Amino acid sequence: MVAAADPRISHIERLMAAIDLPIGRWDSGAHLVFCNEHYLHWAGRPRDQLLGCTMRQLFGDMAWAAAAPSFARAFLGETVSYERQLAHGTTPGRWIRIQVFPDADASGKVEAVFTIATDIHDDVVARETLTATQRRLDRFTENIPYPLTYVDRDFVIRFVNKAYCEVSTETSANLLGRHIGEVRGAQRWAEHEPYFQRAMEGQTVQYTRLVKSLPQGARWMRTSYVPDLDDDGQVLGLYTVTIDVHDLAVAQEKLKRRVERDALTDVLSRRTMMDHVEAALAQPAHAPVALYFVDLDGFKAVNDRLGHREGDALLVAVGAALQGAVRAEDAVGRFGGDEFLVLAPVRDAEGAHALALHMLAAVRGVVGSGPLAGMVSASIGYALAPDDARHPLNLLQLADDAMYAAKREGKNRAMHCGVISFEATR
């Protein structure tokens, strides 16, 4: 043991006693020759059980195996450190970092080494937690079945996952460091660039489109563009993730169609038809808009004599005929039973009348010379907006009144608001 009379050692010992960390001094044989009070508490033993013992004797083979390389380098004049988990003392299981530095004399000869232990348990646990989280995140991003990318502010690719490589038929080595527009090609970049730009402004945006170039055929896909923000809210880059929403999109389209379309005839539903009327009348009036109320004459007799299956088939055929008689942008809907509505912009009153006669002829073509010949015709009433009415329900009421007036006049004809009668040409 070093003599206490050595003034240099005494000074060092007093200094070490003042430091609130476990400090030990070890000779060339790794015997503990000095320790401060904090070391005693840390080791959980009295001084007389510590001094003169080697580290292996004090703390076991594993402790010495962890310390030996650092001790060897410290005796060569280096300051080094290592980490280990305690198996002794009052806090077993905690992680510590031990710094080992040489104690050299005036000639530079290393006579002993000092060790200072610092508790780093919380830091190690946090680091291991972060590392484990990062590892799980890396596995997740790499194996998620959706193409995922990260681009910086210059739209340069900094990360791609396995799914993106598979879709792009490129390796990550060939993708990283390249501009996303170069990878996607000019046409696709022009399509996607506005969404990238909005995300770079700090917005989270989505783009859903039908992708036709997939191996499994055309699918609806949705790409989300999510900005990566720093603590100050500045955009560092952005993530993109593309998911297959085909089944959802198809289901939504079917649901929308069920709401918008009549289940039997596939023309517009009553509710959707009235939405079209309201939208048309809400627009500034540039040209007249005609609303036609079409009712089949003699339809009840078809159901009574031929059955409801024939009646349904007739309704389907009439709906198709009315759609064929108007333009694609005009609206044809089923109001209920054997009643249909048609909404169409017209040039003037004469144009509205001409279209009504055209629809009468279309219905007549459905009946033809078969078993329905002579049984079924159509009565059509119509009103014009904005001249006849400016409110949807008023316009509908006028067209309905005109249709009943046409029936009273003998059916198989069209009438404008119950005022002017035009008998269909036979």
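## Exercises on aromatic rings in a predicted model

Trp189 is a buried residue, because its relative accessible area is 12% and the cut-off for buried is under 20%. Keep in mind that this is a predicted model.

**Exercise 1.** Work out which kind of pair the rings of Trp189 and Phe196 make.

*Solution.* Start with the distance: the ring centres are 5.2 Å apart, and pairing needs centres within 6.5 Å. Next, the angle: the planes sit at 55°. Stacked needs under 30 degrees and edge-to-face over 60, so this pair is tilted.

**Exercise 2.** Now do the rings of Phe155 and Trp189, and say which parts of the chain they tie together.

*Solution.* Here the centres are 5.5 Å apart and the planes make 65°, so call the pair edge-to-face. Then place the residues: Phe155 is in the loop between strand E6 (148-152) and strand E7 (157-160), while Trp189 belongs to helix H9 (residues 186-200). The pair therefore links parts 34 residues apart in sequence. Phe155 has 9% relative accessibility, so Phe155 is buried too.

**Exercise 3.** Zoom out: find the aromatic cluster that holds Trp189.

*Solution.* The whole structure has 14 aromatic pairs. Phe155, Trp189, Tyr195, Phe196, Tyr207 and Tyr225 make up one cluster.

**Exercise 4.** Find where a charge sits over a ring.

*Solution.* Take Arg84 to begin with: its charged end is over the ring of Phe59, 5.8 Å from the centre. Then look at Arg270, which lies over the face of Phe335 at 3.9 Å from the ring centre.

Conventions
Residues are numbered from 1 along each chain as its sequence is written. This is a predicted model: local features need pLDDT of at least 70, side-chain atom pairs count only at pLDDT 80 or more; totals for chains, interfaces and linings use all residues. Side-chain values use heavy atoms; hydrogens and water are left out. Rings of Phe, Tyr and Trp (its six-membered ring) pair if their centres lie within 6.5 Å; planes under 30 degrees apart count as stacked, over 60 as edge-to-face and the rest as tilted. Helices (H or I, at least four residues) and strands (E, at least two) are DSSP runs, numbered from the N terminus. Buried means under 20% relative accessible area, exposed over 50%, partly exposed in between (1.4 Å probe, protein chains only). A charge sits over a ring if NZ of Lys or CZ of Arg is within 6 Å of the ring centre and within 35 degrees of the ring normal.
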